[in-house]
Amino acid sequence: MAEPLAPIRPDTADAGTGRAAFRAFWRDFRRNRGALIGLAVIVLLIVVAVLAPVLAPYDPTHQFRDNRLLPPFWQAGGQLAFPLGTDAVGRDMLSRLIFGARYSLLIGAMVVTIALVGGIVIGLVSGYFGGWVDNAIMRVMDVILAFPSLLLALVLVAILGPGLTNAMIAIALVLQPHFARLARASVMNEKAREYVVADRIAGASALRLMFATILPNCLAPLIVQATLSFSTAILDAAALGFLGLGAQPPTPEWGTMLAEAREFILRAWWVVTFPGIAILVTVVAINLCGDGLRDALDPRLKRS
């Protein structure tokens with residue numbers, strides 16, 4: 001007589017479903033060559049940021065007064081001791097670029113986290129309750145979106161005071177309406193579905209319905225938006241740093257490095273070019289990765 005089949009444990013079934021979903025996601029993601037390149041660059045930047053004290057040849061704020069504005073080693077007058085040259089006060093450009101990766105990734109992570117969490121809460125409340133609550137919240141979001149993002153960030157930093165922390169708060173507040181509107185649209189699309197109605201009939205509270213039932217099914221577009229907003233946060237922080245309202249000297253932040261090098265654009269091209277290239281490569285890599293996430297997570301955009 002055949003032995004009865006063993007019952008399938010729920011946690012085993014959930015784990016299998018999760019692995020299958022991840023394999024499907026990775027299969028769609030890796031079809032995008034640009035996304036894979038962007039992911040590789042991002043991983044490399046994370047490694048550089050984590051190992052910055054080991055990889056950087058010098059302290060990023062140490063000044064070698066006898067070696068000011070040295071060119072890169074391949075140019076006449078350059079030294080192998082300073083592979084990418086030095087800035088106007090003799091600080092090693094390579095060391096400052098390596099430590100600058102830490103600040104840029106920190107800025108992006110903090111800004112996106114604040115904007116994402118705030119936007120999700122606002123969007124869930126607005127989309128779930130609707131009515132006058134939705135109208136009031138969305139009109140405030142519309143007012144914020146009516147201002148150019150960088151201009152509004154400048155105003156907020158001027159009110160809060162210059163500094164890296166205030167710059168991150170200002171940029172997060174500017175980006176928050178994008179997450180709020182996206183979360184609201186997803187919640188309004190999901191709240192009338194059968195599984196939500198079933199949980200409501202079963203007696204689930206509004207908080208449980210919003211955060212445990214509806215939110216997990218709204219995360220895909222929010223993840224894509226968070227990835228793309230990461231690059232926006234880095235660009236805005238660099239712009240504020242360039243204007244003297246973000247990170248303050250001698251912090252080795254790429255935007256601040258550009259601001260300090262403005263008067264040497266014609267005399268010492270490397271003090272401007274290398275931070276600019278670092279910002280460019282980082283933003284392009286994040287955008288490429290975001291495009292791949294969008295293609296993999298949105299069924300309407302999956303390539304055949």
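**Entry 1: T213.** Leaving out neighbours within four places in sequence, I find T213 in contact (heavy atoms within 4.5 Å) with Y195, V196, D199 and R208. With D199, the side chain of T213 also makes a polar contact of 2.8 Å; the term covers N or O atom pairs within 3.5 Å, in protein one able to donate a hydrogen and the other to accept it, with sequence-adjacent residues counting only if both atoms are side-chain atoms. I place T213 in helix α9, residues 206-214 (helices are DSSP runs of H or I, at least four residues, numbered from the N terminus). T213 is buried at 8% relative accessible area, where buried means under 20% with a 1.4 Å probe, protein chains only.

**Entry 2: ground rules.** This is a predicted model, where local features need pLDDT of at least 70 and side-chain atom pairs 80 or more, while totals for chains, interfaces and linings use all residues. Residues count from 1 along each chain as its sequence is written, and side-chain values use heavy atoms, without hydrogens and water.

**Entry 3: confidence.** The protein averages a pLDDT (the predictor's confidence per residue, 0 to 100) of 86. Over residues 1-13 pLDDT stays under 50. I note that low-pLDDT coordinates should not be read in detail.

How values were computed
Helices (H or I, at least four residues) and strands (E, at least two) are DSSP runs, numbered from the N terminus. Buried means under 20% relative accessible area, exposed over 50%, partly exposed in between (1.4 Å probe, protein chains only).
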